[in-house]
Amino acid sequence: MNGKTALITGISGQDGSYLTELLLSKGYEVHGIVRQTSSLIANTSRLDGVYQDPHEPERRLFLHKGDVTDAGMLVNLVRDIRPDEIYNLASQSHVQVSFDLPEYTANVTALGAIRLLEAVRASGVDTRIYQASSSEMFGPAAPPQDETTAFHPRSPYGVAKLYAHWATVNYRESYGMFAVSGIAFNHESPRRGETFVTRKITRAAARIAAGIEKRVYLGNLEAVRDWGYAPEYAEAMWLMLQHDEPVDYVLATGRAATVRDFAEAAFAHAGLDWRDHVEHDERYERPAEVPELVGDAAKIGREIGWRAEVGWDRLARIMVDADLAALADRG
Ligand code: NAP
Ligand code: GDD
């Protein structure tokens, strides 16, 4: 035990699960907000490895039913837990979905952040806040993008993230809160949702290699992304809240690859030629695309010492291996 308490919104997501493991390993008491669904008490499969039964006397992981669209719930929870650190990871995080559900995305991703900031103010708790900002806020800006690059979001998701980002800056400047944004470029892992392009590709490569499927349909193969490894980004979030000063940082690997490059590497690692299995479907094209996101994370390297070690090609191998292993386990 290190005597510190953290609250994570979005604890059931990819990043939330890695951050939970990291904070538990550092001796934190960890609280997370989970959503109730019609068929499940909560979607907690990514937390299976660290889940603790409520009857466990030494328990350090606590899951609370809630939603960032419910302001009263947030105030009560922050007042009850009195966390030292809050990580706001809750979001409708899929860019393409945000074009279909723009108002919902704004409610969760933009207003969710301000509800949480207000909950901290209303409860009077002295806490440090991490906001999960996104490279999607840069839109078509020329790479490499860094903390000085002008924002130009190109999706309802990007617009919502930009609101949350500026709200975080504003609460820092208005109320002196230790509130910071990590402007994270794409980061992936075997726990990545199956409709994001990397996982869609690695899962398909594994299933095709196993003879379960024959092909996968993708949209724009020319988009360039800076794909890093999610557990390393969870470490950066934690480091930013341990820093002396509240400062926003870009989190990125600095390496570029196209969707085509990623598909080629993933299929090759599964012993396949991507050209035999990838087909185009325009339904996966976006109304406005972000063509090229490649980050320059020199500032956090200089000031905090964080650097991404795993690049997109190693990441592709990690993810294909995990998807192949999951199929083998299923028998
Ligand atoms: P993710 O896997 O999609 O997880 C999103 C989390 O938010 C899930 O736990 C989800 O709960 C929760 N959530 C959604 N709506 C909610 C609501 N109304 N109330 C409470 N919780 C809600 O996303 P991720 O990849 O871990 O990303 C974490 C954060 O970083 C997100 O804010 C994302 O936008 C941002 N970000 C991600 C990346 C990236 O490349 N991964 C890059 C930049 C920024 P359910 O499990 O119930 O759906
Ligand atoms: N999802 C998806 N599915 N994307 C595809 C497909 C497909 O079939 N085919 C091509 N793409 C292209 C998209 O057009 C986009 O250019 C790129 O692959 C990456 O798409 P996603 O994996 O959906 O990620 P994203 O870059 O749009 O958004 C992710 O990264 C952001 C940070 O830059 C999400 O994690 C966001 O939450 C995050 O903020």
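Student: Is Y233 buried or exposed in this model?
Tutor: The model is predicted, so the accessibility is a value computed from predicted atoms. Buried means under 20% relative accessible area. Since the relative accessibility of Y233 is 0%, this residue counts as buried.

Student: Which residue forms an aromatic pair with Y233?
Tutor: The pair that Y233 forms is edge-to-face, with 5.3 Å from centre to centre and 75 degrees between the planes. Y233 lies in helix α7, and its partner in the loop between α9 and α10, so the pair ties together parts that are 73 residues apart in sequence.

Student: How many residues apart are Y171 and Y175?
Tutor: Y171 is buried, with a relative accessible area of 7%, whereas Y175 counts as partly exposed at 41%. Both residues lie in helix α5, which spans residues 156–175. Their separation is about one turn of the helix, namely four residues.

Student: What is the distance from the charged end of R191 to the centre of the ring of Y18?
Tutor: A charge of this kind sits over a ring if CZ of Arg is within 6 Å of the ring centre and within 35 degrees of the ring normal. The charged end of R191 does sit over the ring of Y18, and the distance to its centre is 4.0 Å.

Student: Which residue has K200 lying over its face?
Tutor: K200 lies at 3.3 Å from the centre of a ring. The residue that carries this ring is Y284.

Conventions: Residues are numbered from 1 along each chain as its sequence is written. Chains are lettered from A and ligands numbered from 1 in the order in which they are written. This is a predicted model: local features need pLDDT of at least 70, side-chain atom pairs count only at pLDDT 80 or more; totals for chains, interfaces and linings use all residues. Side-chain values use heavy atoms; hydrogens and water are left out. Helices (H or I, at least four residues) and strands (E, at least two) are DSSP runs, numbered from the N terminus. Buried means under 20% relative accessible area, exposed over 50%, partly exposed in between (1.4 Å probe, protein chains only). Rings of Phe, Tyr and Trp (its six-membered ring) pair if their centres lie within 6.5 Å; planes under 30 degrees apart count as stacked, over 60 as edge-to-face and the rest as tilted.
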